[in-house]
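Visitor: I would like the terms set against their definitions. Please go one term at a time.

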Amino acid sequence: MQRTIFDHVKIFDGSGSPSFAGRVLVEGERIAQVAKRDEPLIGAADATVIDCAGATLMPGLIEAHAHLTWPSSTERFEPRFMLPPEEMMLAAARNGRILLDQGFTSAFSAGALGERIEVVLRDEFKSGGLPGPRLKASTIERSPEGADGIETGKKLSRGRGPEAMRGFVRHCAEIGIDTVKLVLSGEDALLPGSSQHILYDEAEVDAACDEARLHGLKVAAHTQAAEAVKMALRCGVDVLYHCSYADEEALDMLEAQKDRIFVAPAIGVIVATLEASPPPHIDMRSMKEMAKPVVENTQRLIPELHRRGVRVLPGGDYGFPFNPNGTNARDLQHFVDLYGYTPAEALSAATMLGGQIMGLGQELGLIRQGYLADLLVVEGDPTVDVRSLVDKRNLRMIMQRGLFHKAPQPIAHAA
Ligand SMILES: [Zn+2]
C-alpha cells in the first residue's frame with residue numbers, strides 16, 4: 001500500500017482547535033496516524049517522506065452550494081447561462097477540475113441545469129476518470145410551473161400536488177440523484193419582491209420530503225422568506241439556502257433542529273453582485289438594490305445562528321460571469337468580514353461541517369486517524385488569513401482519496 005508522510009507541518013485538523021506542529025501518515029486513501037511533534041510514526045518505514053517546511057496541513061475544502069453547470073469560471077468567461085448540452089457537459093467537467101485545483105475536494109450541489117449531468121460527473125470524478133470533487137449530485141432545481149421561481153428548465157416539472165412531487169422525487173432516485181433541490185420561495189435578484197412569495201403548498205413539500213426519506217435522498221431548498229424557512233423545517237428539508245428574511249420564530253425553529261439541518265447563506269453571489277461593475281448594456285441596478293438588504297439581514301442572522309450552534313457553511317452560488325467558479329474560497333473571507341467568524345471557525349465550517357453535509361461526518365472533514373485523506377498543504381497560515389486560499393498558487397499540494405491531484409514540486413538546488 002502507498003504510504004506518505006507529511007513531515008514538518010503545522011496541522012489544522014478542521015475541528016477549530018489551535019494548529020499544532022506534527023506529522024501525518026497516509027496509507028492508501030486514509031489517514032493512518034497523526035503525530036504531534038516528534039512522536040513516532042508506527043509502521044512507516046517504507047513511506048515516502050515529504051518535507052513540507054512548516055506549511056499548514058489542513059483538510060480539503062468543501063463547497064456547500066455548488067453549481068458545476070453554471071458556466072462561468074476563472075478560466076472561461078461565459079455570458080450565456082444555459083449552454084447547449086455538449087458545451088454544458090464540458091463546462092461542468094472543467095468546473096469540477098477548477099474546484100479541485102482550488103482545494104475543494106468535495107462539493108454539495110445546489111442544483112444543475114441538466115437532468116443527469118451531475119450523476120455522470122460524480123461517477124466519473126469518483127472513478128478517477130476526470131479530476132473533480134467528491135460530489136453530492138443534484139438535478140434541475142424544481143419550481144412549480146408558471147411560478148416566479150428560478151427558471152432552470154421545465155423538463156422535470158411534473159405538475160402540482162403531492163403526488164406530482166412524489167413522482168419527481170422517485171424519478172430523481174431512479175436516475176441516481178443524491179440531493180433534490182426545491183425552490184420554495186422566489187428570488188429578488190430575478191424578480192424583485194418574489195423572495196416573499198411561497199411557491200409550493202405545504203402538502204407538496206411534505207410529500208417531497210417524505211418520498212426523499214423513503215429513497216435516502218437529501219432535500220435542499222431555496223428559502224428566502226421567513227415562512228419558506230419555517231415550512232422547510234416543518235416538512236424536514238435537510239439543507240436551507242439563504243434564509244435572508246428569517247424572523248425570530250424561524251431562528252428558534254432552526255436552532256431546535258440544529259443537529260439535523262444545515263444552513264448556507266450563499267453570500268458570495270451577493271457580495272459579487274454589489275462589487276460588479278458591468279458594461280453599460282448590462283443593467284444590474286435592480287440586482288444591486290436587492291442585494292443590499294441581504295447583506296444587512298444576514299449580518300444580523302448568521303452570527304445569531306452561529307451563536308446558537310446551528311451549522312452554517314460557506315458556499316456562494318458561484319458560476320456567474322461576475323461570480324465565477326474557482327473563486328469559491330472567497331466565501332470563507334466573507335464569513336470573517338461580515339459574520340464575525342474567526343478564520344479558524346470559517347475553516348472549520350468549510351471542512352468539519354462540510355464532511356457532515358456530505359453525509360460523511362465520521363470520515364471526512366477532519367485530520368484524524370481513519371479519516372479519508374483529502375488534504376491540502378497550504379503556504380502560510382490560513383488560520384490567520386483565510387484569504388490566502390483564494391490564490392491557488394498558495395496550495396502547494398492537493399491530495400484527494402490519498403492520491404495527489406497536485407503533487408509536491410521537487411526542490412531545485414543550485415548546481
Ligand atoms: Zn444556487
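Visitor: What makes strand 10, helix 5 and strand 11 a right-handed β-α-β unit?
Guide: Right-handed means that, with the strands pointing away from the viewer, the path from the first strand over the helix to the second runs clockwise. Strand 10 (residues 218-225), helix 5 (residues 226-235) and strand 11 (residues 239-245) form such a unit. Helices (H or I, at least four residues) and strands (E, at least two) are DSSP runs, numbered from the N terminus. This is a predicted model: local features need pLDDT of at least 70, side-chain atom pairs count only at pLDDT 80 or more, and totals for chains, interfaces and linings use all residues. Residues are numbered from 1 along each chain as its sequence is written.

Visitor: How do you know that strand 10 and strand 11 pair?
Guide: Pairing requires at least two bridges found by DSSP between two strands. Strand 10 and strand 11 have five and run parallel, with H222 opposite Y241. Three bridges join strand 11 to strand 12 (residues 262-264), also in parallel; there L240 is partnered by V263.

Visitor: Why is strand 11 called largely enclosed?
Guide: A residue is buried if 20 or more other C-beta atoms, placed from the backbone, lie within 10 Å of its own; 12 or fewer makes it exposed, and in between it is partly exposed. Seven of the seven residues of strand 11 are buried, so the rest of the structure largely encloses the strand.

Visitor: What is the strand order of the open sheet, and which strands stand at its edges?
Guide: The order is 9-10-11-12, with parallel pairing. Strand 9 (179-183) and strand 12 each have a single partner strand, so one side of each lacks a neighbour in the sheet.
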